[in-house]
Amino acid sequence: MKNKYILAGVIALVGLTASVQAIPITGTIQLGGTVQFNTTSLQSATIATFPVNDIQVSSGSGSYTGTAGAAPVTFNTFNFSSTGLNTVSPLWSFVWTGKTYQFNLESITTVSRQSFPNGSDQLFVGGFGKVSITGFDTTAANWSFNVTDSSGGNGGIFLFAFNDSNTAIPASVPDGGTTVMLIGAALSGLGLIRKKLVA
């Protein structure tokens, strides 16, 4: 009989510990659609704007599994005239199966442009930010924005991709010491139960 109480206490402790673990976002997501720029060439463009109801999820893995085809994605205008801090919150967001998915742009680390002999131009912008999904912890992420334009106009097809950053908190790490407090409280409780049973 005594052992049953101790076992129940340990099971409760495990349940409490699991409930306060961080749940970071993992995997990748890609968004696609059309984009317009403030100039007629990717070689000089510095601002991207996105038509309403024209952006959707191309693919997703990890925490984004099952989101392919999700639309519409609201994608806000952003400026990539220089690298450094560049906050747009959110850069994009969408709601799918009752969950809100969002990305906050925090910085731009790379702006690269290239012209090809066939007349097409390419623009690559990359940096860091944070992603959030309902029910998950906000997680650091690397992102990239890649556009190829062969039309000679101020538009093009873009691909936005992100993958979870190495700076993200692993799922096995407890958040903020709460778990340690719960373990201490549970062990104290087990000690008291055992004392009562022995007495």
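## Strands and their pairing

Two strands count as paired if DSSP finds at least two bridges between them. Strands are DSSP runs of E with at least two residues, numbered from the N terminus. In this predicted model, β6 (residues 84-96) and β7 (residues 99-115) run antiparallel and are joined by 8 bridges. Along this pairing, L85 sits opposite S107 of β7. The two strands make a hairpin with 2 residues between them, and T97 in the turn has a positive phi of about 45°.

Strand β6 also pairs with β4 (residues 74-75): here 2 bridges link the antiparallel strands. F75 has W92 of β6 as its bridge partner.

## A look at N104

Let's stop at N104, which lies in strand β7. Its side chain makes a polar contact of 3.2 Å with that of S89 (a pair of N or O atoms within 3.5 Å, one able to donate a hydrogen and the other to accept it; residues adjacent in sequence count only if both atoms are side-chain atoms).

Leaving out residues up to four places away in sequence, N104 touches V88, S89, P90, L91, G129 and K130, where contact means heavy atoms within 4.5 Å.

## Confidence and conventions

The average pLDDT (the predictor's confidence in each residue, from 0 to 100) is 75, and 67% of the residues score at least 70. Residues 1-20 have a pLDDT below 50, with 18 contacts beyond near neighbours in sequence. Residues 166-198 also stay under 50, and the model has 33 contacts for them beyond four places in sequence. Where pLDDT is low, the predicted coordinates should not be read in detail.

Residues are numbered from 1 along each chain as its sequence is written, and side-chain values use heavy atoms, leaving out hydrogens and water. Local features need pLDDT of at least 70 and side-chain atom pairs count only at pLDDT 80 or more, while totals for chains, interfaces and linings use all residues.

Key. Helix = DSSP H or I, 4+ residues; strand = E, 2+ residues; numbered from the N terminus.
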